[in-house]
Each structure stands twice: as structure tokens, then as C-alpha cells.
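Please keep the sequence and the structure at hand while reading.

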Amino acid sequence: MVGMTSIRATATLLPVTVALAALALGACATEVRDEMPGRAQAAPPASVQSGGLKTLRQIQAEENARPIPAPQPPPAPPQKLSDASQMPNQPPNQPPNQPPPVRRRGSSSPPPPPIDQPATPALPAPGSTQGLTDRAKRDLMSPEVDRLRTDDAMGRLDPLQQRDLLRKQQDLRQYGPGPLGY
């Protein structure tokens, strides 16, 4: 009989021991956190659910039990009041709400009077360089146009070269008359 009582005692203490072990494991477990809020997540694996960890329902119940801080409204901009209602505690013989004088730092003397500086002379507008540019382009094109004119006078130009000559002569006219007047 003595052997039977020890088995019964062990059998009755076994569930209590398992429950205490589960409670101890649950206390050591890390808190489950949502790493990506706003996305649906699958239930934790069965290995995590068993072994004394909190069930999904327990976690959801704890989440719902936490107070959610209400979003704070943005501060309202200061409202302008009429002159009479600006300072209700202010006697009527004092001037209206004026900001206190700003104290200068670093000196006890009043600021120096502003210095009247002479106006800076306006620089003349830069001259146009268009004339110089046109003259340079004309000087570069003139020798080739002179050679084409000479060849055309001798009848050596084909129709495509004559077309080129007419275009270059027109470009020269665009840049103005040269030193020879054409």
C-alpha cells in the first residue's frame, strides 16, 4: 500500500508542477510585437502556442485592455481680439497691449545712429557684343564666298555648289556689309 500512495501523490502533484512550469516559461517569454503594423499576420506557429506561451486570444485581450492615447488636436492659432477686449485686467488709461522693449545684449549704451551711405554709382550697361560677333563670322566666311564667286564666274560650279554659294551670300548679308560694302 505504501507504493500506491506515492504514485497517487505524484499523480496529483504532476498537473500542479506542469502548470507552474508553464507559468514560469510564460514569464520568461518575450513580448509578442507587431513588427509591421497595418499588415495581416498569420497566427504564430504551433510550437510557439504550446509550451505555456500566451494564446492569440490572450494577446488580443491584453491589446484591447490597453488604453489608446487619443490624438491631440493641433494648437489653435491665437485669436486677435478687439482693442477693448485685448487685456481685460488692464486699466483703460494705459496704452493697449504693447510688447516689452527688447533689451540689447553686450552693451549698455544705446545703438548708434544709422549711417547714411552714399548710393553706389550705377554701372553702365555692358555694351553689346553682337557687332563683334557678326564681324568675326563675316571674316571667317568671306574667303570661301570669294572663292565660290570666282569659280561661279568661270563656270566651274555645279548646281549644288551654286546653291551653297547663294546660301553663304545670304548669311553674309545677315551679318551686315563687310569692309568692301557688300
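## Glutamine 169

In which helix is the place of glutamine 169? In this model, which is predicted, glutamine 169 lies in helix H5. Its relative accessible area is 13%, and because residues under 20% count as buried, glutamine 169 is classed as buried. Leaving aside residues up to four places away in sequence, glutamine 169 touches Val145 and Arg149, and these two residues are also listed among the H4 residues that make the contact with H5.

## Packing of H4 and H5

Helix H4 covers residues 130-153 and helix H5 covers residues 159-174. The two pack with their axes 10 Å apart, at an angle of about 140°, and they are therefore oblique to each other. The crossing of H4 and H5 is left-handed.

On the H4 side, the contact is made by Arg138, Met141, Ser142, Glu144, Val145, Leu148, Arg149 and Asp152, while H5 contributes Gln162, Leu165, Lys168, Gln169, Asp171 and Leu172. Sorted by class, the residues of this contact comprise six charged, five nonpolar and three polar ones.

## The chain as a whole

The chain contains five helices and zero strands, so that, read from the N terminus on, its elements follow the order α-α-α-α-α. Of the 182 residues in the chain, 7% are buried, and glutamine 169 is one of the buried residues.

The accessible surface of the chain amounts to about 17000 Å², and 61% of that surface belongs to carbon and sulfur atoms. When contacts between residues at least 6 apart in sequence are considered, 53% of them join residues at least 24 apart.

Note on methods
Residues numbered from 1 in each chain as written. Predicted model: local features only at pLDDT ≥ 70, side-chain atom pairs only at ≥ 80, totals over all residues. Heavy atoms only, no water. Axes fitted to C-alpha atoms, helices over the stretch in contact; angles between N-to-C directions. Helix = DSSP H or I, 4+ residues; strand = E, 2+ residues; numbered from the N terminus. Parallel < 35°, antiparallel > 145°, perpendicular 65-115°, else oblique. Left-handed = near helix turned anticlockwise from the far one by under 90°. Contact = heavy atoms within 4.5 Å. Nonpolar A, V, L, I, M, F, W, Y, C, P; charged D, E, K, R; others polar. Buried < 20%, exposed > 50% of the residue type's maximum accessible area, 1.4 Å probe, protein only. Areas by Shrake-Rupley, 256 points an atom, 1.4 Å probe, with all protein chains shown as cover.
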